[in-house]
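Morning, everyone. I have one model to walk through, so please look at the screen.

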Amino acid sequence: MPTTDTAIEQPPKASGNAGERKSSFRTVSLDEVNRLYSPADVAQINTENDIGSPGEFPYTRGIHASGYRGKLWTMRQFAGFGTPEETNLRFKYLSREGQTGLSVAYDLPTLMGYDADSPLSEGEVGKCGVAVSSLADMEALFDGIDLEQVTVSQTINAPASVLLAMYLVVAEKQGADWKKISGTLQNDILKEYIAQKEWIYPIRSAMKLVIDTFEFCTEQVPRYNPISVSGYHIREAGATALQELAFTLRDGIEYVDWGIRAGLDIDRFVPRISFFFNAHNDFFEEIAKYRAARRIWARVMRDRFGSSSERTLKLRFHTQTAGVSLTVQQPLNNVVRVAIQALAGVLGGTNSLHTDSYDEALALPTDRAALLSLRTQQIIAEESGVANTVDPLGGSYFVESLTQKMEDGARDYFERIDNMGGMVEAIEKGFPQREIQDSAYQYQKALEAGEQTIVGVNKYQMESTGTEVPILVIDESVRHHQLERLQQTRDRRDKQAVVRTLDKLRHAAEAGDNTMLATIEAVREYATLGEICSALRDVYGVYEEPAI
Amino acid sequence: MAQAERKIRVLVAKPGLDGHDRGAKVIARALRDAGMEVIYTGLRQTPEMIAAAALQEDVDAVGVSILSGAHNTLCPRIVSLLREQGMKDTLVVLGGIVPQEDIPKLKEQGVAEIFLPGTSTQDIAKFIRENVRPRE
């Protein structure tokens, strides 16, 4: 590495690009890649301060000294479709096959805070995830699953506080101790306005709800991560790797700012903030992104917020392979893409991983496809040998140089966003949204010009037979099943108690009090998701997207 | 040509609850670059809102983007609302995640073409250009 005093070898001078396959070589993010990387490319990097050792500041090489030699990453497949009963069976199936954590995908009505019987839910119930309208659904979802023993990740954002409340009440009914519950709530509302766009309330009210969950969990559910700050959707919306990194970490900074302003102790709540990144096709670019993420977070927590607590400085993250990279054409090719992407996540030091299934450009995964994607992780973990040593790519001229480039680029974005007044202001101005749209369009143009290759799509195409793999079909019987349970729930509950608890929630929201306890009380009385969200809509209003 | 050609007008529409608008926005921009006038509805439009916008904007084509699996419910309704309000020739195309089995039925119900992931935006522009009915 470059800190020795031996003469630094100069990179060989490229004499044009005669004889090379292409006029320029670019990453998936359309970033130029040099012919060769050498000590000159890492001359500015200080081995000790910038790269360091695993388990030590700035954690470039990982947050654990022993890497995966101690414990493998958590294999956490995202699952959810149809009824809670069907999803419950999928959870149990994957757990039997060696999955080590659960992750719930909710359907669109649930993500938007509508019940299955809302007219807006027609055609969508149980389609993109599992349908959950009330505590009764949540009880069916986790039937026979001990919530003290398993960690569950819930992908839910605008109505996250309500689903957290349902989860806690189910745990309580099982006799579990909230102090022993661990798991993760996605609850990242900023990325909804930036990318995924499943919002309900205006940004600042939505941020207040997020802070309510931080405050509540810090006191009552101390082992639970009340947020997973998510770059995944930012990337899927078309961001480059750098934009994913920069916007996600800047979102994280925004949550820390808001938490501190609400009077929370940084070293109590920040250690429970987790992150979620995408793993796209460009192997080294992705690895550099994860390594840079840890280093940037550690430095920002120390230098910007003045923390010296190790738990605050360590960035922990989940990775999911890139759904957007999967192709309808020749779907089995997706098995290979997923394996490469998963390997990047592992070499980048992910703490948990979801591998997509080969059929996901067609529909939600079948049992068989989901099993193969879990097996992909198991093969990487137990056959490939990559988990036998810590950060095997540390010190690579290319990887370290890319890692540094990621850090520098992210800091430029931070400066631009800080100058706008912060992330909420930047989103209100449409800044990250525009940046991402531009990148998405540039990428599409590069594909159509043949500058980027997608095997089976713009190169090596074949006639489609139309029925290459079986797919999962979700029919309208799911909706009928859900409507029936919802009606039974509405008939059986104490209606006055529902009205009373919803009023109490409305008052808490109006007064600016923490809404979590009132939400939990309403959930206990089987107030539905739609009713609870409507109570909050009455107080907060709804968000309108600015034209971009 | 002596006369300025009327530009093809396209409504890009995103019905249902899904917020994934990458595709809709990329297509809107690509069609504009291909010389068409494009109106984007924004997110979460009901079939009624889409049909009303199509009439008001007097479009030649409606491009619907759906990834959520709700296409069998939403598309036929959009087509029949357009036809009910007299837009007999308005071309309706669909882009998104659509299983092969659903395609023949959607076509029977009046969707002119279904573009699956991986389709080039140039192919979509070409299809629209070749299939919109010329107006008097």
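Let me start with a question: at its relative accessibility, does Arg9(B) count as buried or exposed? It counts as buried, at 18% relative accessibility. The cut-off for buried is under 20%. Keep in mind that this is a predicted model.

Stay with that arginine. Arg9(B) forms a salt bridge with Glu37(B), 2.5 Å from N to O. Glu37(B) sits in strand β2 of chain B, residues 37–40, and Arg9(B) in strand β1 of chain B, so the contact ties together parts 28 residues apart in sequence. Glu37(B) is partly exposed, at 31% relative accessible area.

Now to the sheet in chain B. Strand β1 covers residues 9–13 of chain B, and it pairs with β3(B) in the parallel sense, over four bridges. Within that pairing, Val12(B) has Gly63(B) as its bridge partner. On to strand β4 of chain B, residues 91–96. It runs parallel to β3(B), and six bridges join the two. Here Val62(B) is partnered with Val92(B). How does the chain cross from β3(B) to β4(B)? It goes through helix α3 of chain B, residues 71–84, and this β-α-β crossover is right-handed.

What about the cover on β3(B), residues 61–66? Six of its six residues are buried. Both faces are covered. Ala61(B), Gly63(B) and Ser65(B) are on one side. Val62(B), Val64(B) and Ile66(B) are on the other.

Next, contacts between chains. Helix α3 of chain B comes back here. Its Arg77(B) meets Glu122(A) in a salt bridge, 3.3 Å from N to O. That pair crosses between chains, with Glu122(A) in the loop between α4 (108–111) and α5 (135–141) of chain A. Both ends are partly exposed: Glu122(A) has a relative accessible area of 33%, and Arg77(B) has 30%.

A second pair: Asp438(A) and Arg29(B) form a salt bridge, with the closest N and O atoms 2.9 Å apart. This one also crosses between chains, from helix α18 of chain A, residues 431–448, to helix α1 of chain B, residues 22–33. Asp438(A) is partly exposed at 33%, and Arg29(B) is partly exposed at 28%.

Last, the wider count. How many salt bridges are there over all chains? The count comes to 52. Chain A also has a network of them, linking Asp50(A), Arg295(A), Arg299(A), Glu407(A) and Arg411(A).

That's my tour. Over to you.

Methods: Residues numbered from 1 in each chain as written. Chains lettered and ligands numbered in written order. Predicted model: local features only at pLDDT ≥ 70, side-chain atom pairs only at ≥ 80, totals over all residues. Heavy atoms only, no water. Buried < 20%, exposed > 50% of the residue type's maximum accessible area, 1.4 Å probe, protein only. Pairing = 2+ DSSP bridges. Right-handed = clockwise from strand over helix to strand, strands pointing away. Salt bridge = Lys/Arg side-chain N within 4 Å of Asp/Glu carboxyl O.
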